[in-house]
Amino acid sequence: MFLRVASAAAAAMILAAAPAAAQDKFPSREVRLIVPWNAGGSNDIAARKLAPILAENGINIIVDNVPGGTGTIGMGRVASAAPDGYTLGMGTSSTLSMIAQGKTPLRNDQFSGIARISSDPLMLLVNTDGPKDIDAFVAKMKANPGKVTIGTPGSYNINHIFATMTAKAAGVDYVNVPYPGGSKVIVDLAGGQVDAGVLKPSESISQIKAGQVKPIAVFANERLDVFPDVPTMKEKGFDVFPYGPVVQMAYVVGPANMPPAVRKTLVDAFRKSIQDPRFKTFAAENGVLVDDLTGDALDKEVNDVQKSLNAVATQVFKGKD
């Protein structure tokens, strides 16, 4: 009799534990991916392109746009989230630039790297009725010192750095016009509200093809395959890397101290999704560079980029409020 009661009790305990064990399996629900920029920008577009591919690989994400503070508001929410893998964020070099200048209390050790989504060369664009090329734009800046406007998604970031270096090439001041995201910049640029914009190919390619804006220079050492006729600033004789190279990149992180098994599940799913031929085709068509950088290797890359920005951003914005 005692054995029958004990066996029944043990079976009941096993049955009771089964739902809990199922609930402990990650992921048991949707994962929130915070994109700290407006909807329609390059990071948002990439996240939404990845979403259905990630779902096929076991991770259902909900993209949550939390713009503001050059990415720091959304990433702050990631840093303070429970480290259970259900809240992730898309970090960018722009936010690293804010960290470099002490304009946010965020630190890189508050995050666990998952995967780099992209490395994105930046371009200088003007309205189609604007200057025909970079030489004409620099001439316009020289003829209108302190009056030419350049829109950037956020301020004190890499876009802002390159806008400032363009003005330095002209030897004059200019007006930086910060926006909460690239999609807002491109709308005003196409409408003629600003003279130029510093943007990624992926957030401007539709308007370029529609004839609303045109790229006149690339902030890189080599021309882009997607726009082979657009010269680099370097080949035109303008040095935009006087304090060292900087790279614009977007990458997915979670809060620090995630369980290793949860982090591995996320890394594996994102790696497989980013390497998927569909995402690679999307990247190539939009001038986006993708690679296989995940986990601890991504953390090291973020810290290396941070060191470069610590030197570059503080030099470019020296004496700025």
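User: Hi! Which strands form the open sheet with β2 in it, and in what order?

Analyst: Five strands make up that open sheet, in the order β2-β1-β3-β10-β4, with mixed pairing. Helices (H or I, at least four residues) and strands (E, at least two) are DSSP runs, numbered from the N terminus. Two strands pair if DSSP finds at least two bridges between them.

User: What stands at the edges?

Analyst: β2 (61-65) and β4 (111-119) do, each with a single partner strand, so one side of each has no neighbour in the sheet. From one strand to the next, the twist averages 25°. Axes here are lines fitted to C-alpha atoms, for helices over the stretch in contact, and angles run from 0 to 180 degrees between N-to-C directions.

User: Before I go on, where do these values come from?

Analyst: This is a predicted model, where local features need pLDDT of at least 70 and side-chain atom pairs count only at pLDDT 80 or more, while totals for chains, interfaces and linings use all residues. Residues are numbered from 1 along each chain as its sequence is written, and side-chain values use heavy atoms, leaving out hydrogens and water.

User: Thanks! How many bridges join β1 to β3?

Analyst: There are 3 bridges between β1 (residues 31-35) and β3 (residues 87-92), and the two strands run parallel. Leucine 33 has leucine 88 in β3 as its bridge partner.

User: Which helix lies across β3, β4 and β10?

Analyst: That is α9 (residues 260-274), which runs at about 5° to β4.

User: And the sheet with β7 in it, what is its order?

Analyst: The order is β7-β6-β8-β5-β9, an open sheet of 5 strands with mixed pairing. Its edge strands, β7 (175-179) and β9 (213-219), each pair on one side only. On average, neighbouring strands of this sheet are turned by 30° against each other, direction ignored.

User: How do β5 and β9 pair, parallel or antiparallel?

Analyst: Antiparallel, over 6 bridges, with β5 covering residues 122-127. Leucine 122 has phenylalanine 219 in β9 as its bridge partner. Helix α7 (residues 182-190) lies across β5, β6 (149-153), β7, β8 and β9, at about 155° to β8.

User: New topic: how many aromatic pairs are there?

Analyst: A search of the whole structure gives 5. Phenylalanine 26 and tyrosine 86 form an edge-to-face pair, 4.9 Å centre to centre with 65° between the planes. Rings of Phe, Tyr and Trp (its six-membered ring) pair if their centres lie within 6.5 Å; planes under 30 degrees apart count as stacked, over 60 as edge-to-face and the rest as tilted.

User: Where do phenylalanine 26 and tyrosine 86 lie?

Analyst: Phenylalanine 26 is in the loop between α1 (2-24) and β1, and tyrosine 86 is in the loop between α3 (72-79) and β3, so the pair ties together parts 60 residues apart in sequence. Both residues are buried, meaning under 20% relative accessible area, with exposed over 50% and partly exposed in between (1.4 Å probe, protein chains only).

User: What lies over the face of tyrosine 86?

Analyst: Arginine 29, at 3.8 Å from the ring centre. A charge sits over a ring if NZ of Lys or CZ of Arg is within 6 Å of the ring centre and within 35 degrees of the ring normal.

User: Last one: is serine 202 buried or exposed?

Analyst: Buried, because its relative accessibility is 9%. Serine 202 sits in the loop between β8 (196-199) and α8 (205-209).

Conventions. Contact = heavy atoms within 4.5 Å.
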